[in-house]
Amino acid sequence: MNTLITALIALLFLTSCGKNCDSEIASDQLKFADSIEINNKTYYLYTLTMGWNDKAVYFQLYNKQPTLNDCRKIDIKPIYEIVYDDYPESRYIKKMTLQPDNPEKLNIIYTPNKSEGIANVYDVKFTR
């Protein structure tokens, strides 16, 4: 019975986007985190969660606000992307600063101390 339910759910996801979309399963979740203006230019920080079982979270930086099309695909590419590393010894983000002129546009400082950092990756904002 569990196999039948799993197969039906997979079929639902495969056919949910319609004929104009790829046959990919839409499992990615894009979530707005913050925006900041520097030198009259606005930058947008998003988290992208990918995967079914082993979720990977990426910080994505855009120089204009992305949108999702009918197939839940992002309409533009980020100008910078970095994976969020949830290591036991440094799992909380203490600071995230934008460095728009650097190749590494997001400077992330981690801390092992929960009281010094942000425990939930989806609550991260730019340090101002």
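Helices here are DSSP runs of H or I with at least four residues, strands are runs of E with at least two, and both are numbered from the N terminus. By that rule I find one helix and six strands in the protein. Read along the sequence, the pattern is α-β-β-β-β-β-β. I note that the model is predicted: local features need pLDDT of at least 70, side-chain atom pairs count only at pLDDT 80 or more, and totals for chains, interfaces and linings use all residues. Residues are numbered from 1 along each chain as its sequence is written, and side-chain values use heavy atoms, with hydrogens and water left out.

**Surface and contacts.** I looked up the accessible area, which comes from the Shrake-Rupley method with a 1.4 Å probe; for residues, only the protein chains shown count as cover. The protein exposes about 8800 Å², and carbon and sulfur atoms supply 50% of that. I call a residue buried under 20% relative accessible area, exposed over 50%, and partly exposed in between. Buried residues make up 27% of the 128 residues. Next came contacts, meaning heavy atoms within 4.5 Å. Among contacts between residues at least 6 apart in sequence, 40% join residues at least 24 apart.

**Sheet.** Two strands pair if DSSP finds at least two bridges between them. I traced an open sheet of four strands in the order β1-β2-β3-β4, with antiparallel pairing. Its edge strands are β1 and β4, and each pairs on one side only. Neighbouring strands of this sheet are turned by 20° against each other on average, direction ignored. For such angles, axes are lines fitted to C-alpha atoms (for helices over the stretch in contact), and angles run from 0 to 180 degrees between N-to-C directions.

I then followed β1 and β2, which pair in the antiparallel sense over nine bridges. S35 has Y44 in β2 as its bridge partner. E37 stands opposite T42 in β2. N39 has a positive phi of about 50° although it is not a glycine. Phi of N40 is positive as well, near 60°, again in a residue other than glycine. Buried or exposed? N39 counts as exposed, because its relative accessibility is 70%. N40 is exposed too, with a relative accessible area of 72%.

**Rings.** I paired rings of Phe, Tyr and Trp (its six-membered ring) if their centres lie within 6.5 Å; planes under 30 degrees apart count as stacked, over 60 as edge-to-face and the rest as tilted. The count comes to four aromatic pairs. Y46 and Y62 form an edge-to-face pair, at 5.7 Å centre to centre and 85° between the planes. Y46 lies in strand β2 and Y62 in strand β3 (residues 56-62), so this pair ties together parts 16 residues apart in sequence. Both Y46 and Y62 are buried. I also checked Y84 and Y110: their ring centres are 6.4 Å apart and their planes are at 35°, so this pair is tilted. Y84 sits in the loop between β4 (80-83) and β5 (92-98), Y110 in strand β6 (residues 106-111), and the pair links these distant parts, 26 residues apart. Y84 is buried, with a relative accessible area of 11%. Y110 is partly exposed, with a relative accessible area of 25%. Ring pairs also link F32, Y46 and Y62 into a cluster.

**T111.** I ended in strand β6, where T111 has its place. T111 counts as buried, because its relative accessibility is 5%. Which residues does T111 contact, leaving aside its neighbours within four places in sequence? I listed S90, R91, Y92, K94, E116 and G117. I also looked for a polar contact, a pair of N or O atoms within 3.5 Å; within protein, one must be able to donate a hydrogen and the other to accept it, and residues adjacent in sequence count only if both atoms are side-chain atoms. A polar atom of the T111 side chain lies 3.2 Å from the backbone nitrogen of N113.

Notes
Buried means under 20% relative accessible area, exposed over 50%, partly exposed in between (1.4 Å probe, protein chains only).
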